[in-house]
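Good morning, and thank you for coming. Please look at the sequence and the structure on the screen while I speak.

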Amino acid sequence: MGIRLAEAVDQDAVEAIVKVAYDPWIPVIGVEPLPLVADYAELISEGRVYVLEYDEVDGLIVLVPEEGTLLVENVAVRPDRQGRGLGHRLLAFAEFRARSLGLPAVRLYTNEKMTSNIGLYASLGYRQTGRESINGRNAVHMRKDLRPEFDRV
């Protein structure tokens with residue numbers, strides 16, 4: 001099982017995973033989550049989408065380098081593959097990418113009503129840094145500062 005940069009041929013699989021992963025949140029938050037309205041053809045062509053695959057694409061992560069941080073714009077795993085640590089693996093990959101780009105932190109945002117996601121991110125070392133309204137959705141911003149490689153044991 002590996003993580004690689006998505007290619008145009010992966011677009012249908014990426015969009016299908018995003019749809020099945022985020023559709024259940026629509027009744028919870030009352031609108032489509034932002035990942036459902038993203039342009040994956042553009043994101044893939046910009047080199048921002050990475051896929052995790054075994055025999056097929058099982059998950060994805062969208063990464064956007066910013067000044068001083070790497071933004072995790074979206075992380076999604078096929079529902080039948082959830083609970084196997086794939087989301088954790090994708091987030092660990094984001095930390096690896098941030099370090100390889102010389103960035104000291106990873107940040108993300110999620111809807112305030114997605115409390116299970118907030119709890120998961122907190123358990124992985126992310127801390128809340130703020131809240132804001134984005135296109136009628138209330139977002140919780142979270143950040144994880146990365147220790148330098150030589151500090152890790």
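I begin with the hairpin of E3 and E4, where two residues lie between the strands and Gly68 takes a positive phi near 80°. Strands, written E and at least two residues long, and helices, written H or I and at least four long, are DSSP runs numbered from the N terminus. Please note that this is a predicted model, in which local features need pLDDT of at least 70 and side-chain atom pairs count only at pLDDT 80 or more, while totals for chains, interfaces and linings use all residues. Residues are numbered from 1 along each chain as its sequence is written, and side-chain values use heavy atoms, with hydrogens and water left out.

How confident is the predictor? The term pLDDT is its confidence in each residue, from 0 to 100. The protein chain has a mean pLDDT of 92, and 95% of its residues reach 70 or more. Among the elements, the lowest mean, 92, belongs to helix H2 (residues 26–29), and the highest, 98, to helix H3 (residues 40–45).

Let us return to the strands. Two strands pair if DSSP finds at least two bridges between them. Strand E3 (residues 57–66) runs antiparallel to E4, and eight bridges join them; Leu63, for example, has Val72 in E4 as its bridge partner. On E5 (residues 105–111), E4 has a parallel neighbour, joined to it by three bridges. There, Leu70 is partnered by Val106. From E4 the chain crosses through H4 to E5, and this β-α-β crossover is right-handed; that is, with the strands pointing away from the viewer, the path from the first strand over the helix to the second runs clockwise. Val72 also has a partner in E5, namely Leu108. E5 is in turn joined to E7 by seven bridges, and these two strands run antiparallel; Thr110 has Val140 in E7 as its bridge partner.

Which of these strands are covered? A residue is buried under 20% relative accessible area, exposed over 50%, and partly exposed in between, using a 1.4 Å probe and protein chains only. In strand E4 (residues 69–77), eight of the nine residues are buried, and in E5 five of the seven are.

I turn to helix H4. Its 15 residues reach 21 Å from the first C-alpha to the last, close to the 21 Å expected at 1.5 Å a residue; the expected span is 1.5 Å times one less than the number of residues. Among the buried residues of H4 are Leu90, Leu91, Phe93 and Ala94. An α-helix has 3.6 residues a turn, so residues three or four places apart point the same way. Arg89 also lies in H4 (residues 86–100), but counts as partly exposed because its relative accessibility is 36%. After H4 comes Gly102, with a positive phi near 75°.

Finally, the interior. A nonpolar core is a set of buried Ala, Val, Leu, Ile, Met, Phe, Trp, Tyr and Cys residues joined through side-chain atoms within 4.5 Å. The largest has 23 residues, of which Ile61, Leu63, Val72 and Leu91 touch the most other members. H4 gives the most to this core, with six residues. A second, separate core has 18 residues, including Tyr40 and Leu60.

Conventions:
pLDDT = per-residue confidence, 0-100.
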